Structure formats: C-alpha cells, structure tokens
There are 2 protein chains.
Amino acid sequence: MNIGDASARSGVSAKMIRYYEQIGLIPQARRTASGYRDYAEADIHMLRFIARARDLGFPVAEITDLLDLWRDTGRRSADVKALAQARVRELRQKIAHLQEMATTLEDLARSCAGNDRPDCPILRSLEAPPRGGLSKTEDQAQSPTQFNGRIAS
Amino acid sequence: MNIGDASARSGVSAKMIRYYEQIGLIPQARRTASGYRDYAEADIHMLRFIARARDLGFPVAEITDLLDLWRDTGRRSADVKALAQARVRELRQKIAHLQEMATTLEDLARSCAGNDRPDCPILRSLEAPPRGGLSKTEDQAQSPTQFNGRIAS
DNA sequence: TATGGGGCTTCCCACCATGGGAAGGTCAAG
DNA sequence: CTTGACCTTCCCATGGTGGGAAGCCCCATA
C-alpha cells in the first residue's frame, strides 16, 4: 500500500506520516524497489492509533510511551491510566488559563459602550494592568514552570 | 534607557522587544551613537500595553490593530469592543475543544481499572475510535475550516 | 509504444512566539 | 586599563502542520 492509501485509510496526512517516521515515532517504512514507502494493515492500525491519541490531546512525544504500552501485552493498565490522567490535568490547566483570559476580556467588553465615542475601558485596562502588585522589576520571576509564555495557544 | 531596563520596566523580554521591532509591531528604536537601542517612557508604556494584550490572549498580529486604535484618539469604542469580542469567541472555542478532549479522556480513565492487569479501555479506545460513523475512508473530509490540526495547544 | 497525468520522493520554507547561545562590540566601575 | 555586565547581530530549536518545487515512477489510454 502506498503512502496515499495509508493516509486515506488512517486519516493521517502523507506529510505527517513522513514526519512521524522522521522523528522516530513510527519505524521506517519498507520501501518498494523504486523507493516508494509500502504499508501493511498493521501500519494503518498504528497510524489510526496515533491519530486518535492526537485527537485526545496527547503530544507526539507522549504517544511514543503510549505506543510502547500498546505493544507491550504485559503492561499494567495503571501505567496507561496514569498517562491519561496526567494529560487530563494538563488539559484542565490550559482550560483554566484560557477561561481566565476569556472572562477578563468579556468583563472588559461588557463595560465598554461600543458606540461611536472613543472612550473605552478595554484600552484603558490595557494601558494599566489591574494585576495585584508587580512593579519593582524584581518580582516577575513567577516560577518558570509551566507558563513560560502567555497564551497557551 | 537601554533595552535591559525597558525589559525590566515593561515585563517584555529583551528578546521579544527586538522581535516585535523586527516584525514591525513596534517602530524601530532610536539608537545611541554606539548602536544601542534607546527607549523613552512612551515606549515602555507601549510595551506594557503589548504585554497586557498578550496576557489577554491577543495574537501579536491583532495587537497591531489594537495599537492603532489605542493611538487613534478619534476611534470608535465599538471597534475596540468588536476586537475583544472576536477574541473572546475564539478563546471560548478553544476552551470547548479542550474541554471535549479532557472529558473524553477522563471518561476513559475512569473506566480503566488502573491495576497490574494489562486490560485497558483507554488503549482499546485508541485502537478503535468511538466516533459516530467514519470508517469507509471517504467521509473524513470534515470541513477544513477552523480545526486544521488536532489539539489547540 | 509514446505520452500524459497523478502519485511518489526529498528538500526547503512558513507559521507563531519564545528562548538559547555564540561571537564580538561597549560601557562603567574599580 | 581591566573586568564583568551589558549590548549587538545571527543562527538554531521548539511543535505540529501545510505549501510547494524539482525530479522520479507507474499506469492507462490513445
């Protein structure tokens, strides 16, 4: 089976299949005499597994572990569950962050007249952030743990 | 004022200040005789505006418009409000997407024993997605509108 | 059999926002 | 004048994904 068929049957674009191979997420595909990648049913199965895991928000790096567990018939289901739960926690964290941004913005928008006049609380708020107390240039160290950047987009 | 001070006072890293200048979000900074960027109070003000807008989830591209409105004293507050609301809608959409992923994963995790046995509904689900009806290789066209990729991370 | 069109290959570029780091110039304090 | 902190530019990496070019390959139809 050519990469095009594998793509159509797995839902993973040909570009991505090559990429996954390149980064070592999936093994290097067999090649035909002329250099075409050649896939079997088992490969489609694996690709679908990957697509589904991506749908559920697993980063590619983590899917490696998931695939290992999938293939390991002697696995402990607790290990799989732990992975899923860690993912849920991260998703919830991102959600909370976005929620906070949305709520704040919504509040600001609500308090804006939205007419032809220039006066606008949104812009005023952008000028002078309402964040508690950070001004002395020192205290913005705020743990470089999870939120390095701003939006989790 | 050097870029380091501007950074400390605005909360925007020096790296980012240079980047914003490079992509044209902020004007090119004045330079001292020796080539150092030199900032004034007004620049700090602008950088803080940008930082705050990023905090609220505005993509850099959109901040250009925001800055234009900010500087335009003859603006209509309705224009600002529209921008904010569009952003809120996008945030809500991302939230909904993440929420769905989290819920699904959580359901799966709940139904997984999480013990030493290998049997695991999570992996089973990854093998065979529970999505309504997509199997015949044709129907996965699913409108390439907003969700080009999977996770909105 | 020749030709054309569609599929395959690799390679590079772009996104978005951010950080890391190297190589080299500058400034201010000691 | 030396030293160390700062500045400059330039390149690279991230994470997934798509776009596209240049050049083979394969098959069907004329």
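**How many nonpolar, polar and charged residues does the surface near DNA strand D have, by class?** It has eight nonpolar, six polar and seven charged residues. Here, Ala, Val, Leu, Ile, Met, Phe, Trp, Tyr, Cys and Pro go down as nonpolar, Asp, Glu, Lys and Arg as charged, and the others, Gly among them, as polar.

A quick note before the views. This is a predicted model, in which local features need pLDDT of at least 70 and side-chain atom pairs count only at pLDDT 80 or more, while totals for chains, interfaces and linings use all residues. Side-chain values use heavy atoms, with hydrogens and water left out, residues are numbered from 1 along each chain as its sequence is written, and chains are lettered from A and ligands numbered from 1 in the order in which they are written.

**View 1. Chain A and its elements.** Chain A has six helices and two strands; both are DSSP runs numbered from the N terminus, with helices (H or I) of at least four residues and strands (E) of at least two. Reading from the N terminus, the order is α-α-β-β-α-α-α-α. Of the 153 residues in chain A, 41% are buried. Buried stands for under 20% relative accessible area, exposed for over 50%, and partly exposed for what falls in between, with a 1.4 Å probe and protein chains only.

View 2. A residue is near a molecule or strand if one of its heavy atoms lies within 4 Å of it. Of the atoms of DNA strand D that come within 4 Å of the protein, 68% are sugar and phosphate.

**View 3. Contacts to DNA strand D, atom by atom.** On the base side, a polar side-chain atom of A:Lys15 sits 2.3 Å from a base oxygen of DNA strand D. On the phosphate side, B:Arg31 places a polar side-chain atom 3.0 Å from a phosphate oxygen, and B:Arg37 has a backbone N or O atom 2.8 Å from a phosphate oxygen. The elements giving two or more residues to this surface are H2 of chain A, together with helix H1 (3–10) and H2 of chain B. H2(A) gives the most, with four residues.

**View 4. The surroundings of DNA strand C.** Of its atoms within 4 Å of the protein, 64% belong to sugar or phosphate and the rest to bases. By class, the surface near DNA strand C has eight nonpolar, five polar and seven charged residues. Helix H1 (3–10) and helix H2 (14–22) of chain A, plus helix H2 (14–22) of chain B, each supply at least two residues. The largest share, four residues, comes from H2(B).

**View 5. Contacts to DNA strand C, atom by atom.** An N or O atom in the side chain of B:Lys15 is 2.4 Å from a base oxygen of DNA strand C. The side chain of B:Tyr36 has an N or O atom 2.8 Å from a base nitrogen of DNA strand C. B:Val60 uses its backbone instead, with an N or O atom 2.9 Å from a phosphate oxygen.

**View 6. H5 of chain A against H5 of chain B.** Helix H5 (residues 77–110) of chain A packs with helix H5 (residues 77–110) of chain B at an angle of about 160°, their axes 8 Å apart. Axes are lines fitted to C-alpha atoms, for helices over the stretch in contact, and angles run from 0 to 180 degrees between N-to-C directions. H5(A) and H5(B) are therefore roughly antiparallel, the label for angles over 145 degrees. The residues of this contact divide into 18 nonpolar, six polar and twelve charged.

**View 7. H4 beside H5 within chain A.** The axes of helix H4 (residues 60–71) of chain A and H5(A) come within 10 Å and cross at roughly 160°. H4(A) and H5(A) are therefore roughly antiparallel to each other.

View 8. A:Arg87 is found in helix H5 and is buried, at a relative accessible area of 5%. A polar contact (a pair of N or O atoms within 3.5 Å; within protein, one must be able to donate a hydrogen and the other to accept it, and residues adjacent in sequence count only if both atoms are side-chain atoms) of 3.1 Å joins the side chains of A:Arg87 and A:Glu90. A:Asp43, in helix H3 (residues 41–55), counts as buried at 18% relative accessibility. The side chain of A:Asp43 makes a polar contact of 3.4 Å with the side chain of A:Arg30.

Definitions and conventions: Parallel < 35°, antiparallel > 145°, perpendicular 65-115°, else oblique.
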